[in-house]
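Please keep the structure in view while reading.

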Amino acid sequence: MRVGLVLAAGRGTRVGAARNKMLLPVAGRTLLEHTLDRVVRADCLDYLLVAAAPEEYEIVAELVEQLPTEMPRAVCRGGATRQESVQAALAALPAETTAVCIHDGARPYIDPAEIERVMAALATHEGALLARPATDTVKIRATDDSLYTQPRETVWLAETPQAFRLETLREMYAVPTQVQAAATDDSSLLERLGRVPALIVAEKPNGKITTREDWQRFAAYVAGEGVLRVGNGYDVHRTCAGRPLIIGGVSIPADFGLDGHSDADVLTHAVMDALLAAAGLRDIGYYFPNTDERFRDADSLLLLVEVRRLLTARNVLIGNVSAALIAERPKLAPYIETMRENLARVLRVEPARVAIQVTTNEGLDDLGAGKGIAATATACVIERMV
Ligand code: MG
């Protein structure tokens with residue numbers, strides 16, 4: 001059994017995020033999901049193992065569980081360093097494992113064909129790594145400040161995936177912890193044993209997301225990967241007494257609420273319909289019929305999660321959402337930021353990708369008389385070709 005091991009326990013300090021950058025959203029998925037989506041497309045792998053930071057185990061386990069793939073998979077608790085994570089993974093491998101392909105969770109560009117090429121090298125080598133020839137001239141500064149120019153053709157920049165036969169990987173990680181800690185990649189532990197891994201020349205972009213600029217470049221890359229489609233949604237609910245007023249997942253203090261089968265979250269419903277329409281799917285009445293008792297008083301944000309999953313299963317990413325609320329009262333402006341954060345969190349996009357405008361109906365018609373609240377929404381999605 002050939003196992004793809006994705007290391008996801010890293011920290012996001014250089015992207016400027018307080019939390020693990022791999023759990024930050026890009027276009028409807030976390031960065032980690034973008035990477036995993038590529039890894040599970042490598043036909044040479046039989047099993048996926050993800051090493052998560054112990055404090056993020058539950059959230060990563062949920063993401064991995066929901067991946068739209070048939071590949072058997074599991075999550076293990078990694079450590080504070082890359083080496084500790086690999087050690088933990090070694091203890092969590094299925095018994096039938098013969099080879100392990102290690103990949104950084106922060107390298108989402110990886111082409112599955114590159115994984116195949118690295119794995120294929122294990123037929124003749126006990127280890128293999130993807131590497132890129134240096135394009136800059138490399139200077140080495142000695143401790144006495146003298147400079148030495150390394151011949152460029154001898155310089156290779158190591159990336160991941162790096163794959164090893166299982167017995168080799170166990171041997172590499174049997175060395176003392178301080179030796180492991182000094183290694184900045186896995187291949188160097190094999191080199192240290194005096195053995196030579198196969199060097200597979202990278203043919204496709206495979207950058208690591210490290211800085212905020214890398215992040216923006218990846219978001220732009222994702223948007224350019226497919227066809228843009230837009231969709232519209234509209235919803236209206238009557239106002240009534242004795243029900244809560246919930247809009248965009250926010251409970252708003254008011255002496256009235258909205259009538260409906262679910263929680264009657266008019267904004268979330270319009271956004272759901274816009275997303276479904278953009279993806280070429282049926283409307284929310286089809287997926288969440290108001291005759292179904294499961295949806296009585298349902299939290300509409302949970303229904304929006306289902307919509308995001310419907311899109312993900314069809315390889316549709318989320319570009320942006322723009323919605324307008326039409327309400328005579330109460331004043332909704334104070335709640336807009338929280339509504340945006342709620343919708344963005346559920347859709348796994350940056351809050352800047354969700355816009356909500358509020359307006360009144362200028363006293364005109366029934367909406368203007370306060371008999372209901374309406375919402376319209378437009379969504380832009382990216383339909384991927386791969
Ligand atoms: Mg509705």
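In this predicted model, strand 1 (residues 2-7) and strand 4 run parallel and are joined by five bridges, with G4 having L48 as its bridge partner in strand 4. Strand 4 is also joined by five bridges to strand 5 (residues 73-77), again in a parallel arrangement, and here A52 stands opposite R77. Between strand 4 and strand 5 the chain passes through helix 2 (residues 57-65), forming a right-handed β-α-β crossover.

Strand 4 (residues 47-52) is largely enclosed by the rest of the structure, because six of its six residues are buried. In a regular strand, side chains alternate between the two faces of the sheet. Both faces of strand 4 are covered, with Y47, L49 and A51 buried on one side and L48, V50 and A52 buried on the other.

The magnesium ion has D235, H237 and H269 as its protein donors, at 2.1 to 2.2 Å, and along the chain these follow the spacing D-x1-H-x31-H. Two of these residues are listed below with their accessibility.

| Residue | Donor atom | Relative accessible area |
|---|---|---|
| D235 | OD | 16%, buried |
| H237 | NE2 | 13%, buried |

The structure holds one cavity of 30 Å³ or more, and the largest cavity has a volume of about 30 Å³. Its lining includes A27, R29, R308 and L311, and divides into five nonpolar, two polar and two charged residues. Helix 11 (300-313) and strand 16 (316-326) each supply at least two residues of this lining.

How values were computed:
Residues are numbered from 1 along each chain as its sequence is written. This is a predicted model: local features need pLDDT of at least 70, side-chain atom pairs count only at pLDDT 80 or more; totals for chains, interfaces and linings use all residues. Side-chain values use heavy atoms; hydrogens and water are left out. On a 1 Å grid over the protein atoms alone, a cavity is a set of points where a 1.4 Å probe fits but cannot get out, and a pocket is an open set with protein on both sides within 12 Å along at least five of seven lines; lining residues have an atom within 4 Å of a point. Grid points are joined across faces, edges and corners, and a volume is the space filled by probe spheres set on the points. Helices (H or I, at least four residues) and strands (E, at least two) are DSSP runs, numbered from the N terminus. Ala, Val, Leu, Ile, Met, Phe, Trp, Tyr, Cys and Pro count as nonpolar, Asp, Glu, Lys and Arg as charged, and the others, Gly among them, as polar. Donors are N, O and S atoms within 2.8 Å of the metal (3.2 Å for Na, K and Ca); water is not among the atoms, so sites may look incomplete. Buried means under 20% relative accessible area, exposed over 50%, partly exposed in between (1.4 Å probe, protein chains only). Two strands pair if DSSP finds at least two bridges between them. A crossover is right-handed if, with the strands pointing away from the viewer, the path from the first strand over the helix to the second runs clockwise.
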